[in-house]
Amino acid sequence: MQIVLQQIINALSLGSIYALLALGYSMVYGIIKLINFAHGDIYMLGAFCAYYVISLWHFNFIIALLTAMIVSALAGVVIEYFAYRPLRKSPRIAVLITAIGVSFLLENGMSYLVGSNARSFPQVMEQVNYNIGGIVISNIQILILATALILMVLLQVTIKKTKMGRAMRAVSVDPDAAELVGVNVNHTISFTFALGSALAGAGGILIGMYYNQIDPLMGMTPGIKAFVAAVLGGIGSVPGASLGGFLIGILETFFQSIGLSAYKDAVVYFVLIVILLFLPAGIFGKNTKEKV
Amino acid sequence: MAMLEVENLSVNYGVIQAVKGVSFKINEGEIVTLIGANGAGKSTIVKTISGLLKPKDGQITYKGKSIVKEKAPQTVLDGISQVPEGRHIFSGLTVMENLQMGAFLQKNGSEVNKGYQEIFERFPILQKRKNQDAATLSGGEQQMLAIGRALMAKPKLLLLDEPSMGLSPLYIQEIFKIIKELNKKGTTILLIEQNAKQALSIADRGYVLATGKIELTGTGQELLANPEVQKVYFGG
Ligand SMILES: Nc1ncnc2c1ncn2[C@@H]1O[C@H](COP(=O)(O)OP(=O)(O)OP(=O)(O)O)[C@@H](O)[C@H]1O
Ligand SMILES: [Mg+2]
């Protein structure tokens, strides 16, 4: 029982990071129907940004988090502006391939600039372990989970309650009609990239704290897993992406805990195949009706 | 001076010429109708006026100012709103949120609240369905929502693209009644219709469009009485 609870705690911290990443995939897909393969690399940029501001300027956690989020948001907006916007009217496959290109550019560009070696992530705070009835929880785990949850709630409020959030939803269901009521579609898309990328940046600093290690290729696998999480939850759905992230985190931790670490990534891909076969719309996904 | 003047407008989709040198005008306070067969280019014309499409050639002047280069949000600010063909309400957003989207560019909060009240008085069903997903409304209710959403922008000129499409006779009557009322209250109207008889009977003037060109023009009564119009649109 204790072992199970312990693993659940671990799974939730990891899952919350996947959830943050999955949200960005889902939002961007919702608004421009693009699987943004460069999203995992934005998360890597966020992690590196946090790495530098913590080790060079000794920023505390909150300030480092905000810096990583802002820098990632800017990166997302710039990438959308230069790489995806000129292709707005092109076939989807062209944009998809561009996204893969951007991903390679970020991974290799970063390797070139900072070297491809893994480096250890600086300690943002002293780790303290709490032992509650035999279950060990560290303050870092609590911080990861709390940060992720707060960001998810803030995102949900932004999307559901603010004018900009309404515009995002309107553009994602019907861009032309949104324009006809006065929405600037380009600004709304930039805003969506900024939000999604900021969450990825937050995921980056949190994963640095979780694994204590970062490298320029760190975004590849979590990027794909978060994509699977977004598909699992129902791509385009915000609560779905959160749930999908947690489920993938739980699944991965479970396979690790029964001694099958070597297969933990394979399991996630297997899940993708199963969803695509049996539940293509995901858990929260709607079967999109054809418009008349 | 005309409120809206379209001169020699040509619009292409790639190599397809959808609109070929169309000219017409709308005076302030009028109801002007544009009728024509499927594919004649009616929707293309209103989309171009709204700024969703760029014309290949021609001029569009609104209140003395050229708006041919303006994008849709700017034309909304100018006072031109469109109720698109097929309604295009925002599914997944509630009825209320759809109306809020209609007021997207409105700055004055108390004016906006007054706007909701006016819409709810005109369309009581929308108030009842306020917190419901707009996609769950019936076709006629969706049309009312689409009109209500456009009215939230306080338009001076309202472009209605086939507002009676897919509605039952009773609802069609209702929609035409609403159009007349809106016009009485000072909104100028461009009405696109398949329902030529009814459109012409409420219109001050009409234009008949065929394959991208204006074929005929006249007052509503003249066109109703025109034998050619009768042959093509009222089945002889
Ligand atoms: N996006 C598009 N791409 C290519 N051709 C188009 C496009 N939209 C419209 N057309 C073509 O342009 C012509 C005019 O279309 P339009 O929608 O303006 O007609 P309409 O008069 O509104 O017809 P309806 O009464 O059926 O709504 C048609 O021949 C149509 O096939
Ligand atoms: Mg049409």
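Which helix and which strand of chain B each supply at least two residues of the shell around ligand 1? I would like to start there this morning and then move to the contact between the two chains, and please keep in mind throughout that what we have on the screen is a predicted model.

The elements in question are β2, residues 16-26, and α1, residues 42-50, both in chain B. Of these, α1(B) gives the largest share of the shell, with 3 residues. In total, 14 residues surround ligand 1, and the closest are Gly39(B), Lys42(B), Ser43(B), Thr44(B) and Gln194(B). If we sort the shell by class, we find 5 nonpolar, 6 polar and 3 charged residues.

Let me now turn to individual atoms around the ligand. Thr44(B), which is among the closest residues, places a polar side-chain atom 2.4 Å from an oxygen atom of ligand 1. Gln194(B), also in that closest group, has a polar side-chain atom at 2.7 Å from an oxygen atom of the ligand. With Tyr13(B) the ligand contributes a nitrogen atom, and an N or O atom in the tyrosine side chain is 3.4 Å from that nitrogen.

Now to the interface between the chains. The size of an interface is often given as the accessible area lost when the parts come together. Here the area buried between chain B and chain A is about 1,800 Å², with carbon and sulfur atoms giving 65% of that area. In terms of residues, 20 from chain B are in contact with 17 from chain A.

Across this interface there are 4 residue pairs in polar contact. On the chain B side, α2, residues 72-78, and α3, residues 95-102, each supply at least two of the residues that touch chain A, and the largest share, 4 residues, comes from α3(B). By class, that side of chain B has 10 nonpolar, 8 polar and 2 charged residues.

Side chains of opposite charge can pair when their charged atoms come close. Over all chains, the search finds 12 salt bridges in the whole structure. Why does the pair of Glu97(B) and Arg169(A) join two chains? Glu97(B) lies in helix α3 of chain B, whereas Arg169(A) lies in helix α6 of chain A, residues 163-173, so the pair joins two chains. The closest N and O atoms of this salt bridge are 2.8 Å apart, and across the interface of chain B and chain A the count of salt bridges is 1.

Note on methods:
Residues are numbered from 1 along each chain as its sequence is written. Chains are lettered from A and ligands numbered from 1 in the order in which they are written. This is a predicted model: local features need pLDDT of at least 70, side-chain atom pairs count only at pLDDT 80 or more; totals for chains, interfaces and linings use all residues. Side-chain values use heavy atoms; hydrogens and water are left out. A residue is near a molecule or strand if one of its heavy atoms lies within 4 Å of it. A polar contact is a pair of N or O atoms within 3.5 Å; within protein, one must be able to donate a hydrogen and the other to accept it, and residues adjacent in sequence count only if both atoms are side-chain atoms. Ala, Val, Leu, Ile, Met, Phe, Trp, Tyr, Cys and Pro count as nonpolar, Asp, Glu, Lys and Arg as charged, and the others, Gly among them, as polar. Contact means heavy atoms within 4.5 Å. Buried area is the accessible area (1.4 Å probe) that two parts lose on being put together, summed over both. A salt bridge is a side-chain nitrogen of Lys or Arg within 4 Å of a carboxyl oxygen of Asp or Glu.
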